[in-house]
Amino acid sequence: MGGEVTAPPPSLWLDGLDSPITPTRPLARDIDVDVAIVGAGFTGLWTAYYLRRARPEARIAIVEKEFAGFGASGRNGGWASALLPTSLATLAREHGRDSALAFDAAMRASVDELITAARDIGTDAHIAKGGTVVVARTALQWERARAEVREANEFGLGDHLQLLDRDAAAKRLNATGTLGGTFTPDCAVIQPARLVRALAAAVSGLGVDLYEGTPATAISPHKVITPGGEITATHVIRATEGYTAGLPGYKRAVAPVYSLMIATAPLSDAQWQEIGLAQRETFSDYRHLIVYGQRTADGRMIFGGRGAPYHFGSATRPEFDTHAKVFTKLHASLAEMFPTLANVAITHRWGGALGIARDWHASVGLDSHTGLGWAGGYVGDGVTTTNLAGRTLRDLILGEDTALTRLPWVGHQSRRWEMEPLRWIGANAGLAAMSVADAEEHLTRRPSMIARALSPLVGGH
Ligand SMILES: Cc1cc2nc3c(=O)[nH]c(=O)nc-3n(C[C@H](O)[C@H](O)[C@H](O)COP(=O)(O)OP(=O)(O)OC[C@H]3O[C@@H](n4cnc5c(N)ncnc54)[C@H](O)[C@@H]3O)c2cc1C
């Protein structure tokens, strides 16, 4: 009958909640609502939040297999960035320059909207808008940084991406071998689990019915089936992101790829003096296999990256959240960037699944004939994008034509992933290739052929 939930993963964030997680009661009868939402991560919760505020009379039910914030929303790197998985140049090619720029501006505005909404909810999610610094640590990485700034300038977005010389970059982030870098002000750090749990409480307080421990076993137009009861609804919203393949009929819609993270014990003031991040900037470098970090409010370094394998059949299981070799590599990368962290204690190791569409294009939409809606495919950039998705789904459900419903990701349909075993071979070859590409550049000092050949498969960032 549902109701039993998986234990929280060992994420620093879930560990940092003020109170333990006590799941709500699962759905145990048939109900009839206006909007049924499947999945209580940021996508599902922001949708309910904005919709209910716009229409306090709307009857909304959310079913969540585990507990609100169990998925990527409670475990991510805490970058509330304006990044999209698709580059501006690609968006402009596919949808036109004005549409691409409108999308970019909406993402930047969404960072501020997220901060305002967090304040309205009344949570202390340890938010600081310190921007993002990305350092270049080889000549080829420096070339990539300059190319990125050139592209931003071509789009008239020079104010949003500044090129930093060696001193300016090292002042923000003193990583070994820094030659320069870039800085954007459009990013805030957050403690994501505090935000997602507070959002769930706020949504319940607004009168939305949240049923945790309630897996949807099937969704179809106007229907959600769960072990304890069926929901009949005008609109059914799929907000399951990296777990979407678990729903019948959606096996090839979104591929789950794992990203893993480590957290250090709180560092000393002297260590932070050496490293930087005085404004709590989020940070990365220009290597191919993405790494990302932040300085937490309590002075820890958290650091994450991809590289864990994709699992056959788009499977997601709690044991995939950890991978000893990847954790060791992450710590080695961190120590290579910041030698002062070579012997620091690692207190938390965790990971989670993020969702990737076949064309690496995030999307949001609502089919007016079937009443089925969705949002997802954010790759690793969903913290802010889910907020934009929630407000867009509100407008779509209300049937309103707004600036948000005209953005180029609305109604975008990605083609399906290949059948297995091709999906497994392709995804893992792509992930392995990015590591090899970094090693290849290190050896040859020329831009990686492998990265260029495979970038359409594994995405630009
Ligand atoms: C380790 C990691 C680091 C990341 N770092 C960042 C970052 O720094 N910045 C950034 O922007 N993005 C980051 N991301 C991505 C970001 O966290 C996600 O894009 C975002 O949280 C997606 O939110 P969501 O609500 O769509 O999905 P989720 O938060 O995954 O929520 C989906 C929910 O659906 C539930 N569910 C699944 N199947 C069912 C079912 N059948 N019935 C009912 N419920 C179901 C799940 O239990 C889950 O709670 C990261 C992701 C990971 C894994």
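Reader: What should I know about the model and its numbering?
Author: This is a predicted model, in which local features need pLDDT of at least 70 and side-chain atom pairs count only at pLDDT 80 or more, whereas totals for chains, interfaces and linings use all residues. Residues are numbered from 1 along each chain as its sequence is written, and side-chain values use heavy atoms, with hydrogens and water left out.

Reader: How many helices and strands does the protein chain have?
Author: The chain has 12 helices and 18 strands; these are DSSP runs numbered from the N terminus, with helices (H or I) of at least four residues and strands (E) of at least two. The radius of gyration is 21 Å, close to the 23 Å that the globule rule gives for 461 residues, so the chain is as compact as a globular protein of that length. That radius is taken over C-alpha atoms, and the rule is 2.2 Å times the number of residues to the power 0.38.

Reader: And what share of the residues is buried?
Author: Of the 461 residues, 59% count as buried, meaning under 20% relative accessible area with a 1.4 Å probe and protein chains only.

Reader: Turning to the ligand, which residues are closest?
Author: The closest are Thr43, Glu64, Ser73, Gly380 and Val383, out of 38 residues that surround the ligand. A residue is near a molecule if one of its heavy atoms lies within 4 Å of it.

Reader: What is the make-up of that shell by class?
Author: The shell has 18 nonpolar, 15 polar and five charged residues. Here Ala, Val, Leu, Ile, Met, Phe, Trp, Tyr, Cys and Pro count as nonpolar, Asp, Glu, Lys and Arg as charged, and the others, Gly among them, as polar.

Reader: Which backbone atoms approach nitrogen atoms of the ligand?
Author: A backbone N or O atom of Lys65 lies 3.0 Å from a ligand nitrogen. For a polar backbone atom of Trp79 the distance to a ligand nitrogen is 2.9 Å, and for a backbone N or O atom of Ala216 it is 2.8 Å. The protein covers 97% of the 1000 Å² of accessible area that the ligand has on its own, by the Shrake-Rupley method with a 1.4 Å probe.

Reader: Now S18: why is it largely enclosed?
Author: Five of the five residues of S18 (residues 372–376) are buried, so this strand is largely enclosed by the rest of the structure. Leu372, Trp374 and Gly376 point one way, Gly373 and Ala375 the other.

Reader: Which strands pair with S18?
Author: S11 (residues 229–238) pairs with S18 in the parallel sense over three bridges, and Ile237 has Gly373 as its bridge partner. S17 (residues 363–366) pairs with S18 in the antiparallel sense over four bridges, with Ser363 opposite Gly376. Pairing requires at least two DSSP bridges between two strands.

Reader: How many residues lie between S17 and S18?
Author: Five residues lie between them in a hairpin, and Gly371 in the turn has a positive phi of about 75 degrees.

Reader: What else pairs with S11?
Author: S1 (residues 31–38) runs parallel to S11, joined by seven bridges, and Ile37 is the bridge partner of Ile237. S10 (residues 223–226) is antiparallel to S11 over four bridges, and a hairpin joins the two through two residues.

Technical notes:
A polar contact is a pair of N or O atoms within 3.5 Å; within protein, one must be able to donate a hydrogen and the other to accept it, and residues adjacent in sequence count only if both atoms are side-chain atoms. Buried means under 20% relative accessible area, exposed over 50%, partly exposed in between (1.4 Å probe, protein chains only).
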